[in-house]
Amino acid sequence: MKTTKNIARLAVTAGLTAALSFGGVMAPVTMAFAEGTTTANGSVTIANVEGNHTEFDGYQIFKADVATVEGKTVVSNITWANGSVKAAVEGVIKNEEPTYKGKTAQDAADWITSKVTETNDAYCVGPDNIAYKIAAAVDDLTDKKTTSAGVASGLEHGYWLFVTDAGTIGDGEAGTSPIFTVVGSTPVNVNEKTGIPTVEKKIVSDADDKEHDAADSQIGQDVTYNLYGTVAENFDKYDTYFYEFSDQISKGLTLQTGAKIYLYKNRSDAKGDLTRAKGTDITAYFKEETPAEAAEDGSKTTTWTCDNLKKVSDVTKDSYIVVSYKARINTDAIVAGTESNVAGTEGNDNTVILNYSNNPMNKDGKGQTPPDKVKDYTYGLKINKVDLGTEAALDGAEFTIQATGADDGASKSLYVQKDGSLGSDPWKFVTANGGVIKVTGTCIRYWQVVETGYGRK
């Protein structure tokens with residue numbers, strides 16, 4: 001009878017072991033009493049996802065005898081890490097289930113096992129899981145090991161809970177979901193369960209109706225910009241998820257009303273729908289804000305903020321959030337070919353940053369992507385009128401300038417206006433100050449310049 005009782009208890013322990021290995025972090029477990037097991041010198045290596053350089057705090061919850069027998073992990077004799085951990089974890093359990101009557105570490109193990117299910121290589125716990133509450137409860141109460149370059153060594157055998165060290169989450173990084181694992185003499189290798197959101201900005205060129213990192217436009221033209229944002233790999237493990245596009249445009253651009261925000265299932269769907277006819281309109285979930293006053297350099301930053309993206313149905317780890325808006329090139333635009341920008345290397349910059357929740361255990365934790373920039377160029381045109389015989393500069397000559405090689409069909413055959421924009425009525429340019437006409441703010445590649453009159457002043 002005694003032997004039968006022990007076997008029954010060990011079967012329950014096997015369930016706990018499997019349940020706590022959330023990330024596929026351990027070998028198959030067989031339960032038995034093992035002789036000659038060690039109680040120290042275990043190690044855990046946690047591999048960051050690309051873009052993450054975080055470290056991890058490990059807390060021992062249970063002690064146990066752990067050994068490897070014929071390639072399988074063997075666990076026996078589970079006890080509490082210490083009395084403080086026992087009190088803390090049992091407090092969490094009783095808060096969740098006031099009728100809990102357990103007395104031993106095994107009883108607590110049984111209870112935790114019943115609350116943590118669906119474990120497999122791709123599964124990690126959600127924000128409402130008991131693992132988060134246990135992690136918060138045992139902080140500073142048990143042996144704690146902080147990883148260095150993702151490695152924690154010299155670990156006493158038993159069950160350990162690893163969480164991201166919040167102080168090591170840098171800009172553009174994210175925290176992982178908690179990881180439970182059994183630690184023995186065989187090194188444990190863990191892949192963290194998280195992901196780094198990204199943001200990308202593109203400008204739609206009227207030359208080919210395709211997206212680019214740079215384009216050219218004329219004064220008065222409305223240009224389409226698209227912002228592409230992704231979410232964390234472990235998005236479904238967050239209780240709330242802050243999400244904000246922060247988009248800065250230079251003083252040479254004026255944001256137009258009517259920005260829209262769309263949800264797509266994946267990247268290919270988002271990139272394949274430049275007309276935005278197939279995306280789900282989720283603009284109502286975001287708040288748009290632009291300051292009344294510009295920054296010192298004349299730029300303005302518009303934010304589109306969703307306090308909790310979890311409220312938007314159908315968002316998954318593969319989703320793409322797209323902001324599509326128009327900005328008009330204005331008379332403050334930087335013009336290539338002018339005295340201050342002779343080489344034409346300076347454009348009208350547009351820069352976006354994505355701010356997002358970066359720690360499923362901390363609702364206030366925020367991360368920020370590196371900025372992504374595009375440029376829109378506009379150009380100048382200079383015409384000199386001279387006498388054919390003497391080469392003397394002639395003031396007072398009158399010209400019209402017509403766009404014969406516009407990028408878009410709508411602009412073709414329109415006339416260049418005084419400010420570089422295009423219009424249907426001819427604007428009369430007159431040479432002055434040494435027979436010169438200067439036009440700024442155009443992107444027309446080919447013009448037809450017609451002299452319409454001359455009257456020396």
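**View 1. Lys287 and its salt-bridge partner Glu289.** Lys287 counts as exposed because its relative accessibility is 53%, where exposed means over 50% relative accessible area, buried under 20% and partly exposed in between (1.4 Å probe, protein chains only). The closest N and O atoms of Lys287 and Glu289 are 3.5 Å apart, and a salt bridge here is a side-chain nitrogen of Lys or Arg within 4 Å of a carboxyl oxygen of Asp or Glu. Please keep in mind that this is a predicted model, in which local features need pLDDT of at least 70 and side-chain atom pairs count only at pLDDT 80 or more, while totals for chains, interfaces and linings use all residues. Residues are numbered from 1 along each chain as its sequence is written, and side-chain values use heavy atoms, with hydrogens and water left out.

**View 2. The salt bridge between Asp247 and Lys201.** Here the closest N and O atoms lie 2.7 Å apart. The pair links distant parts of the chain, 46 residues apart: Asp247 sits in strand E14 (residues 243-249) and Lys201 in strand E10 (residues 199-204). Strands (E, at least two residues) are DSSP runs, numbered from the N terminus. Both Asp247 and Lys201 are buried.

**View 3. Lys373 meets Asp349 in a salt bridge.** The N to O distance is 3.8 Å. Lys373 belongs to strand E24 (residues 372-384) and Asp349 to strand E22 (residues 348-357), so this pair, 24 residues apart, also links distant parts of the chain. Lys373 is partly exposed at 45% relative accessible area, and Asp349 is partly exposed at 24%.

**View 4. A network of salt bridges.** Shared partners join Glu200, Lys202, Glu211, Asp213, Arg267, Lys271 and Arg276 into one network. The model's salt-bridge count comes to 20.

Methods:
Helix = DSSP H or I, 4+ residues; strand = E, 2+ residues; numbered from the N terminus.
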